[in-house]
Amino acid sequence: MDACADMPLFTGSDWDFALVNRIYEAIEPIAVDEMKLNVYPNQLEIISSEQMLDAYSSVGMPLFYKHWSFGKQFVTNEMLYRKGLRGLAYELVINSNPCISYIMQENSAMMQTLVIAHAAFGHNHFFKNNYLFRQWTDADGILDYLEFAKRYIAQCEERHGQLAVERVLDAAHALMNQGVHRYPRVRPRDLRREAEREAERQAYRESIYDDLWRTVPVGAKAATAGRGERLATLGLPQENILYFLEKSGPRLEAWQREILRIVRLIAQYFYPQRQTKAMNEGAATYTHYRIMTTLHERGQITDGAFLEFLQSHTAVVYQPTYDSGHFGSFNPYALGFGIMTDVERICMEPTDEDREWFGDMAGSGDPLEVLKDIWANYRDESFISQFLSPRMIREWRLFKVLDRENDSEIRVDAIHDERGYRRIRRALAREYDIGQQEPDIQVVDVDLAGDRTLMLEHGVLNGVLLDDGDAAMVLQNLANLWGYEVALSEVDAESRKALKSHRAQPRGDWMR
């Protein structure tokens with residue numbers, strides 16, 4: 001061990017760049033050599049509160065194209081922050097190679113230590129190793145692609161006018177959640193090549209457009225012939241609506257298609273984060289707790305700094321109870337960290353109940369290796385359904401309530417017995433299922449023989465229909481991009497019974 005290991009890295013709250021560097025050099029061997037974390041090279045950026053607010057407004061990305069909604073978000077966040085109605089994150093981390101961690105210049109020396117451990121090593125390891133991020137994101141190319149996107153949209157504004165570009169971006173943003181592939185179909189995207197291939201894509205789009213719309217069948221006979229061939233040509237059904245519009249929109253110009261592509265690739269980049277919030281924050285919180293505890297045990301942070309850390313850590317993992325008056329949902333930091341520390345207990349000090357529920361994992365003696373395997377191979381839904389233990393259910397006092405719309409009473413549907421534990425675990429896991437959180441809306445057909453109406457279908461789960469106001473606004477944006485009428489049918493996913501329908505016509509002045 002280093003001869004200076006028992007000397008505190010700092011004794012007060014003040015810091016400078018040299019101290020931040022020493023803190024990083026103290027943390028890195030613990031994270032990489034002892035915990036065996038596999039991370040991208042790190043890049044630390046010190047930013048002000050105003051720069052953090054700016055990052056908030058552009059979904060946390062260091063380079064982003066301009067849009068009025070980002071400015072609106074900045075003004076809102078700034079007003080709340082200046083009035084003391086909201087705080088700011090101590091850090092912001094980007095899934096890129098190198099991994100960029102923004103840390104606030106207002107942080108104390110202890111907080112800089114905490115956020116470096118949390119973001120530069122905890123989140124960094126999770127980004128690099130989790131299967132969803134490996135499958136859907138390109139950390140090597142994202143920064144280059146963002147630079148291309150910012151430059152391309154700025155050029156479009158110069159050539160076609162700011163209003164025309166904003167209209168396309170407004171419509172694309174409205175469809176962003178329906179602009180992702182939910183299941184792997186192709187190899188991971190090389191974002192560095194995206195900018196280089198823009199000219200190739202334009203030529204390909206023009207050829208596809210000519211082949212598709214030049215041969216639109218006409219007449220009553222064609223209206224009923226070749227549906228299977230038509231669907232195959234259009235790649236239907238298609239869950240990624242932005243992808244379908246980019247490839248098949250009959251009235252879009254090449255630059256508009258490229259903007260749709262930019263928005264959908266950025267939406268795809270964020271897709272894993274929506275499925276791993278509890279795991280990602282849990283892994284980063286577990287990592288910072290291990291590292292900060294090790295630094296304290298070795299005398300590299302003082303008792304006072306460690307107490308400051310514990311106060312911050314406790315606030316981060318606080319979970320309000322359902323009857324506290326301010327329960328909103330489960331705190332992802334608390335849930336992720338709670339299950340992970342419970343996994344550590346099961347690996348080191350299992351009970352008979354743990355051995356029955358968790359098999360070989362119980363008593364394995366190496367919790368960190370078990371956790372790294374979990375971090376790599378699970379998402380929130382499967383993580384909760386597999387590793388939420390009966391003991392944690394009891395400690396958190398979890399139970400399942402059945403609240404049917406047509407029933408006059410609420411029924412407690414699962415309590416603390418073996419069947420109840422499994423029901424509670426399944427019910428909580430379903431809350432983190434992306435299929436439960438977002439509507440399953442797919443393009444199912446196009447009336448090529450008639451008025452070119454675009455037909456979509458919403459597979460309704462548990463009787464939950466779309467909000468009429470939201471559906472109307474999103475369909476209007478979709479109709480504007482498509483250029484013809486859009487029809488959406490809401491159909492029960494199990495019985496296939498038609499429940500509701502929506503229609504929208506494009507605005508006549510939208511393409512001008």
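A search of the whole structure finds 23 salt bridges, each defined as a side-chain nitrogen of Lys or Arg within 4 Å of a carboxyl oxygen of Asp or Glu. The model is predicted: local features need pLDDT of at least 70, side-chain atom pairs count only at pLDDT 80 or more, and totals for chains, interfaces and linings use all residues. Residues are numbered from 1 along each chain as its sequence is written, and side-chain values use heavy atoms, with hydrogens and water left out.

**Stop 1: E246 and R264**

Select E246 and R264. Their side chains meet in a salt bridge, 2.6 Å from N to O. The pair links distant parts of the chain, 18 residues apart: E246 sits in helix α12, R264 in helix α13 (residues 254-275). Helices (H or I, at least four residues) and strands (E, at least two) are DSSP runs, numbered from the N terminus. Both E246 and R264 are buried. Buried means under 20% relative accessible area, exposed over 50%, and partly exposed in between (1.4 Å probe, protein chains only).

**Stop 2: R274 and E438**

Stay on helix α13 and select R274, then E438. This salt bridge spans 2.6 Å, N to O. It links distant parts of the chain: R274 is in helix α13, while E438 is in the loop between α22 (434-437) and β6, 164 residues apart. Is E438 buried or exposed? E438 is buried, because its relative accessible area is 13%. R274 has 25% relative accessibility, so it counts as partly exposed.

**Stop 3: D413 and R411**

Select D413 and R411. Their side chains form a salt bridge of 3.0 Å, N to O. D413 is buried, at 16% relative accessible area. R411 is partly exposed, at 45%.

**Stop 4**

Show β6 to β9. This open sheet of four strands has the order β6-β7-β8-β9, with mixed pairing. Two strands pair if DSSP finds at least two bridges between them. The edge strands, β6 (440-446) and β9 (498-504), each pair on one side only. Select β8 (residues 486-492): it pairs with β9 in the antiparallel sense over six bridges. A487 stands opposite R503 in β9.

**Stop 5: back to helix α12**

Select α12 (residues 241-248). What does helix α12 lie across? It lies across β6 and β7 (454-460), running at about 25 degrees to β6. Axes are lines fitted to C-alpha atoms, for helices over the stretch in contact (heavy atoms within 4.5 Å), and angles run from 0 to 180 degrees between N-to-C directions.
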